[in-house]
Amino acid sequence: MSVLVTGGAGYIGSHVVRLLQERGDEVVVVDDLSNGTAERVGSSPLAQIDLSEEQAEAELTDLMHDEHVTAVIHFAAKKQVGESMERPLWYYRNNVVGMTHLLGAMEASRVQTMVFSSSAGTYGIPDTDLISEKTPCDPINPYGQSKLIGEWMIDNAAEFGLRAVKLRYFNVAGAGWPDLRDTAMMNLVPIVYNRLLAGQTPVIFGNDYPTADGTCVRDYVHVKDLADAHVTALDYADAGDIAENVFNVGTGEGTSVKQIIDAIAQVIGRDLEPEVAPRRPGDPPRLVADASAIARVLDWHTQYDLRDMVVSACPPELYP
């Protein structure tokens, strides 16, 4: 299989690239390098393309032809909730227009297998403890809206024979390999570690949510588990017998922001008293996955726990 991974020089994408490389697949990476780094992709060819630019569709089409691409895993997108509230049109241009160009290139190149890295942000604030794939989608911020629009676009691309799987993952943490640690500072765990390295106090955005300790609750999944879910979904889509095409990826357990900070405190061996800041706009109080469908259909299960995530992400300078 020859797999094109968009956003493959980024945090999650580079883990997928490495898993594909280790099992012997040919891998081609597309990344605009706004957050990714070229060193992460190893020996795989890397094309620096911004999917939202006008010429991207033609560039992608040529690349797919030249590299004999047979499947796509699509990560490339802007992903910060707060930023999407401040710059909604920019998010639609990057995430929706980028998807348009990618699907157009796939149609022109007759590439019919795809895994889309979607988001639990598509659900909004559902009135349920566990979110299943049947939970109605009602995103409350432009980031989540752009991901849901991407899903709709994929559904409508069936006209050219597209076989696609959409993965709605919740929160991600950890590192599968030390050189692939999260460096973009967009996710909670590396943000906390980065502040500690700078001699600063961790920050909690809102402690008055309707949760047990007042802080937001999320379903955290290890990045290597998440990468494995994408590879498993790729094989499922490539086989062609797609009975279900959207899956949550998570552990089914909720962990609060305060619990994450407490877990980090245990790993580094010191007490942490976080600063409490106002809520960020667009943050739901609780998002936890019902991950039974991906277990049932793809026989996929997580292998790592919260401590694995926190330990693997810890910079060596902070170990006691």
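Trainee: Let me say this back: on a 1 Å grid over the protein atoms alone, a pocket is an open set of points with protein on both sides within 12 Å along at least five of seven lines, and its lining residues have an atom within 4 Å of a point. What volume does the second largest pocket have?

Mentor: About 190 Å³, where a volume is the space filled by probe spheres set on the points, and the points are joined across faces, edges and corners. Among the 14 residues that line the second largest pocket, R181, D182, M185, A313 and P315 are the closest to its centre. Before going on, keep in mind that this is a predicted model, in which local features need pLDDT of at least 70 and side-chain atom pairs count only at pLDDT 80 or more, while totals for chains, interfaces and linings use all residues. Residues are numbered from 1 along each chain as its sequence is written, and side-chain values use heavy atoms, with hydrogens and water left out.

Trainee: Which element gives the most to the lining of that second largest pocket?

Mentor: Helix α6 does, with 5 residues; helices (H or I, at least four residues) and strands (E, at least two) are DSSP runs, numbered from the N terminus. By class, the lining of the second largest pocket has 9 nonpolar, 3 polar and 2 charged residues, with Ala, Val, Leu, Ile, Met, Phe, Trp, Tyr, Cys and Pro counted as nonpolar, Asp, Glu, Lys and Arg as charged, and the others, Gly among them, as polar.

Trainee: And the largest pocket, what's its volume?

Mentor: The largest pocket comes to about 920 Å³. It is lined by 35 residues, and the ones closest to its centre are N171, M186, N187, R280 and D283. Two or more lining residues come from each of α3 (81–86), β7 (171–173), α6 (188–197) and β8 (203–205).

Trainee: Which of these gives the largest share of that lining?

Mentor: Again the name to write down is α6, which supplies 4 residues to the lining of the largest pocket. In terms of residue class, that lining divides into 19 nonpolar, 10 polar and 6 charged residues.

Trainee: Which residues line the second largest cavity?

Mentor: That one, with a volume of about 40 Å³, is lined by H74, A76, A77, N95, F116, S146 and K147. The class counts for this second lining are 3 nonpolar, 3 polar and 1 charged.

Trainee: Zooming out, how many helices and strands does the protein have?

Mentor: There are 10 helices and 14 strands. The protein is as compact as a globular protein of its length, because its radius of gyration of 19 Å is close to the 20 Å that the globule rule gives for 320 residues; the radius is taken over C-alpha atoms, and the rule is 2.2 Å times the number of residues to the power 0.38. Along the principal axes, the C-alpha atoms fill a box of roughly 55 × 40 × 40 Å.

Trainee: What share of the residues is buried?

Mentor: Buried residues (under 20% relative accessible area, with exposed meaning over 50% and partly exposed in between, for a 1.4 Å probe and protein chains only) make up 55% of the 320. As for contacts (heavy atoms within 4.5 Å), 79% of those with a separation of 6 or more are between residues 24 or more positions apart.

Trainee: And R18, is it buried or exposed?

Mentor: R18, which is found in helix α1, is buried, with a relative accessible area of 17%. Leaving aside residues up to four places away in sequence, R18 touches R40, W177, D179 and L180.

Terms used
1 Å grid on protein atoms, 1.4 Å probe; cavity = no way out; pocket = protein on both sides within 12 Å on 5 of 7 lines; lining within 4 Å.
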